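User: I have not looked at this one before. Can you take me through it?
Analyst: Here it is; ask as you go.

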Amino acid sequence: CTCSFLDTDRALVLLEEYCKKLRKPEEQQLKKAIRKVMGIFKSSLFQALLGSFTKKATRHGTISHPSLPAAVVYDVLGCPKE
């Protein structure tokens, strides 16, 4: 599903914006962890798993909009949902 990939891209943009704000020495460990998450979101394995999850969940009516990566980032960072 193309929506999954677009939502992953949106999550990556949000994470990148957040990383830019992490400048203090004590925030560098968090920044490193966020970069790891970004790497996972970019991986082909994650994209394949997300696509499979989205198709199954949509088919079963579990979710109405496949926006898992962006929703996770919004929740973790405390961002308002659009």
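This is a predicted model: local features need pLDDT of at least 70, side-chain atom pairs count only at pLDDT 80 or more; totals for chains, interfaces and linings use all residues.

User: OK, how does helix H2 reach compare with what is expected at 1.5 Å a residue?
Analyst: H2 covers residues 28-42, which is 15 residues. From its first C-alpha to its last it reaches 21 Å, close to the expected 21 Å.

User: Which residues of H2 are buried?
Analyst: Ile 34, Met 38 and Phe 41 are buried in H2. Looking down the axis of H2, the buried residues fall within an arc of 60°, so they line one face of the helix.

User: Why would residues three or four places apart point the same way?
Analyst: An α-helix has 3.6 residues a turn, so residues at that spacing point the same way.

User: And what is on the face of H2 turned away from the buried side?
Analyst: Gln 29, Lys 32 and Lys 36, which are exposed.

User: Step back a bit. How many helices and strands does the protein have?
Analyst: There are 4 helices and 0 strands. Along the sequence the pattern reads α-α-α-α.

User: What share of the residues is buried?
Analyst: Buried residues make up 29% of the 82 residues in the protein.

User: Which residues are in the largest nonpolar core?
Analyst: That core has 10 residues: Ala 11, Leu 12, Leu 15, Cys 19, Leu 22, Ile 34, Met 38, Phe 41, Phe 46 and Leu 50. The elements giving two or more residues to this core are helix H1 (2-21), H2 and helix H3 (44-59).

User: Which one gives the largest share of the core?
Analyst: H1, with 4 residues. As a general point, nonpolar side chains in soluble globular proteins tend to be buried together.

User: What is Leu 22 in contact with?
Analyst: Leaving aside neighbours within four places in sequence, Leu 22 is in contact with Glu 27, Gln 28, Leu 30, Lys 31 and Ile 34.

User: Now aromatics. How many aromatic pairs are there?
Analyst: The count comes to 1 aromatic pair. Phe 41 and Phe 46 form it, and the pair is stacked, at 4.8 Å centre to centre with 25° between the planes. Planes under 30 degrees apart count as stacked.

User: Are Phe 41 and Phe 46 buried or exposed?
Analyst: Both Phe 41 and Phe 46 are buried.

User: Switching to charges. How many salt bridges does the structure hold?
Analyst: It holds 1 salt bridge. The side chains of Glu 16 and Arg 35 meet there, at 2.9 Å from N to O.

User: Which parts does the pair tie together?
Analyst: Glu 16 lies in helix H1 and Arg 35 in helix H2, so the pair ties together parts that are 19 residues apart in sequence.

User: How exposed are Glu 16 and Arg 35?
Analyst: Glu 16 has a relative accessible area of 25%, so it counts as partly exposed. Arg 35 is also partly exposed, with 37%.

User: What else does Glu 16 touch?
Analyst: Not counting residues up to four places away in sequence, Glu 16 touches Met 38 as well as Arg 35.

User: And how far apart are the C-alpha atoms of Glu 16 and Lys 31?
Analyst: They are separated by 9.5 Å, while the two residues are 15 apart along the chain.

User: Last one. Of contacts between residues at least 6 apart in sequence, what share joins residues at least 24 apart?
Analyst: In this protein, 56% of those contacts do.

Methods: Residues are numbered from 1 along each chain as its sequence is written. Side-chain values use heavy atoms; hydrogens and water are left out. The expected span of a helix is 1.5 Å times one less than its number of residues. Buried means under 20% relative accessible area, exposed over 50%, partly exposed in between (1.4 Å probe, protein chains only). The arc is that of the directions from the helix axis to the C-beta atoms. A nonpolar core is a set of buried Ala, Val, Leu, Ile, Met, Phe, Trp, Tyr and Cys residues joined through side-chain atoms within 4.5 Å. Contact means heavy atoms within 4.5 Å. Rings of Phe, Tyr and Trp (its six-membered ring) pair if their centres lie within 6.5 Å; planes under 30 degrees apart count as stacked, over 60 as edge-to-face and the rest as tilted. A salt bridge is a side-chain nitrogen of Lys or Arg within 4 Å of a carboxyl oxygen of Asp or Glu.
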